[in-house]
Amino acid sequence: MGAVLQTCRKKKPVQHQVELQTKNKQQKNIKARQHYDPALAPDLQSIVQNMENNEEESSFNSPTETVINSVYHVNRKAGHDRIFIAAIDIGTTYSGYAYASRRDLEKDPSNIYCPQWRGDEGMYYKTATAVLFDEDGNFHKFGFEAEEYYNDDQSDKFKCFFFKNFKMLLYENRNDLSEDVVIKDITGKQMKAIQVFSAAICYLKDHLLKTLQKSFHTDSNISNTDIHWVLTVPAIWEMRAKQFMRDAAEMAGILGDQLSLALEPEAASLYCRKVPMRIKDSVTKTVDLLGPGISYVLLDQGGGTLDVTGHRIEKDNCLTEIISPNGGNWGGNNVNYEFEKYLNKMFTKTVVEKIKAEDPVAYFDIIKQFERKKKSVNPKSEGDVVLSISPVFSEMYDKIYNASLPSEIQIKRGKMRISAQQFKSFFDPSIKSITQHVLEIFKNPKLQNVNVILAVGGFSESEIIIDSISKSLPNMETIVPKDPVLAVLKGAVVFGFEPCGVKSRISRYTYGIKVEKEIRTKGDENYRKIRRNVQKRRFAIDVFERLVEIGEEINVGTWQSTMEYEPINKNDKEVQIEFYATEEKDPVHVTDPGCMKLGTLKVNLRERKTSDGALKLQINAGGTEILAVITDENNGQIFKAKFCLP
């Protein structure tokens, strides 16, 4: 088995011939029949009738390529061969899904439905990102139901596996991410992370299927195959994390050819542009002021990360990326962490940890109250912030220290009072990180004429954060949609229907593959590692063969020039192509500092008609994922491939 490729002696760029690398894929739409419940979603009945009357097979042309973050899929009109498009957003704090019929979206892109979830204080458009497994590791509950069950004093919680706020694992472990990475639940018990993510995706997938099937009689043919799925991912995530999410979706029963990944800030941008919405606290302005020719910076402020990107709206209303995605782990949960540090300081860490272990209901209740308060407190308010607090805090303090609470802790009649100054101080680290980063971003010459900031995501509901951004950039117009938390989720449905709404993107990294290069010139002698083959030819090994350069603007749908390579051993039945990324423009070796191995593309050559000649590799790096096509130079034969995490 060949571990790598070597550069071909006749290596040259070759123009991509689309007609040689496409095939017709025919798939008949499954008819959805029977009766419809008009109370669920107003337009489903007309969809069903339309599908019943349409007996024609639908088809589309698609290159047979490997998604480098998946297996085999590209479909420019994703969802156009399926009845519904659904988006799943696994958020750091809250998760949910949205869906629409293809026919509804064609009529009006605002026809997108989000279910509501019953929480402890009403109905919400997202549920908690919480997964509960039983003691044997079998999935049990998700969302608010998982929280409620775990917090129930009657539940055998200490034998269960309970996971919350686990999405940040994919960012924090980005350099060591694999399918075998484990995650700890709140009591320290371990499970493979991919099982936890897959369970969350599977629950939301099944919930939508049940929602659709309830609108028909029990013999309805609505199934998973009628849906094109879209998973949202932060734009600053590495390719490994995207591949991880694809693998988790596949475990959840979503096949590669019915799944797209949408970058969260792009999805929000598409939605705000396509669907006019009222701006928060305004009765006149709408986001449709973002018309052709306008450039803006979009801040997607979630629970875990801040995602920043810049877009320009072209004359055809498509988006062009003007700066590459960037950001960091400065989401809303950092404010929660500051509040938790405050509790540890006030009651001591010993007391708080004891409460978390013995009475988690009391602890999580005050954390949930704080989560709601941090979004609603006005930055100009001088009044105390009041939170209900369980008596277990004072009782545990007395039990451990045999003393009353310190006088600085103001608790009366089960209410804890926090001064406005102290409460706002919980935001200080986040405000500092976010404003410094945004100010640095606007030093980019490409943004010198930009004067609009569009803020979306759950953290953008915080008036304190938006006020701090507005003050740090007083010449900018900061726009917050009325429902910033839903912009990404609904925008992902729009993206699934219209993935070419983005015309070009800026590469965040220099991408390349590991090859061996024959030594021919004196300059080649500078390579660090050299081997000789049986014919005494010398080859430099671990060479970084650049495919895409950092900062390069890549048009969506455009394929890079084909490069030719020879397998090290021409009779190999499988070739492994190792992909790397770096922030350096022109690295020499894949072992250079900063080079990160993304994974390995395993190419199956068992059906190769001849072992003579080179393999042609071509990539498309303009999408949310990188696509690759592997063909035989002699006859254009296309080979199956699988991308695997390191």
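## Aromatic pairs and a cluster

Rings of Phe, Tyr and Trp (its six-membered ring) pair if their centres lie within 6.5 Å; planes under 30 degrees apart count as stacked, over 60 as edge-to-face and the rest as tilted. One aromatic cluster is formed by Tyr-97, Tyr-99, Tyr-113, Trp-117, Phe-133, Phe-139, Phe-142, Phe-163 and Tyr-203. The model is predicted: local features need pLDDT of at least 70 and side-chain atom pairs count only at pLDDT 80 or more, while totals for chains, interfaces and linings use all residues. Residues are numbered from 1 along each chain as its sequence is written, and side-chain values use heavy atoms, with hydrogens and water left out.

A search of the whole structure finds 25 aromatic pairs. One of them joins Phe-133 and Phe-163, and it is edge-to-face because the ring centres are 5.9 Å apart and the planes stand at 85°. This pair links distant parts of the chain, with Phe-133 in strand 10 (residues 130-133) and Phe-163 in strand 12 (residues 161-164), 30 residues apart. Helices (H or I, at least four residues) and strands (E, at least two) are DSSP runs, numbered from the N terminus. Phe-133 is buried, with a relative accessible area of 3%, and Phe-163 is buried, with 1%. Buried means under 20% relative accessible area, exposed over 50%, and partly exposed in between (1.4 Å probe, protein chains only).

Phe-197 and Phe-244 also form an edge-to-face pair, 5.4 Å from centre to centre with 85° between the planes. Phe-197 belongs to helix 5 (residues 193-213) and Phe-244 to helix 6 (residues 239-251), 47 residues apart in the chain. Both Phe-197 and Phe-244 are buried.

An open sheet is formed by 3 strands in the order 11-10-12, with antiparallel pairing. Two strands pair if DSSP finds at least two bridges between them. Strand 11 (139-142) and strand 12 stand at the edges with a single partner strand each, so one side of each has no neighbour in the sheet. On average, neighbouring strands of this sheet are turned by 20° against each other, direction ignored.

Strand 10 and strand 11 are joined by 3 bridges. Val-131 stands opposite Phe-142 in strand 11. Helix 5 lies across strand 10, strand 11 and strand 12, and runs at about 105° to strand 10. Axes are lines fitted to C-alpha atoms, for helices over the stretch in contact, and angles run from 0 to 180 degrees between N-to-C directions.

## Helix packing

Helix 9 (residues 349-358) and helix 10 (residues 360-376) pack at about 110°, with their axes 5 Å apart. The angle makes helix 9 roughly perpendicular to helix 10. Angles under 35 degrees count as roughly parallel, over 145 as roughly antiparallel, 65 to 115 as roughly perpendicular and the rest as oblique. Val-352, Ile-355, Lys-356, Ala-357 and Glu-358 of helix 9 make the contact with Pro-360, Ala-362 and Tyr-363 of helix 10. Contact means heavy atoms within 4.5 Å.

Helix 3 (residues 144-151) packs against helix 10 at an angle of about 140°, with the axes 9 Å apart. Here Glu-147, Tyr-150 and Asn-151 in helix 3 meet Pro-360, Val-361, Phe-364 and Lys-368 in helix 10.

## Strands 31, 32 and 35

Strand 31 (residues 574-582) and strand 32 (residues 596-604) run antiparallel and are joined by 8 bridges. Strand 32 is also joined to strand 35 (residues 641-644), by 4 bridges. Leu-601 stands opposite Phe-643 in strand 35.
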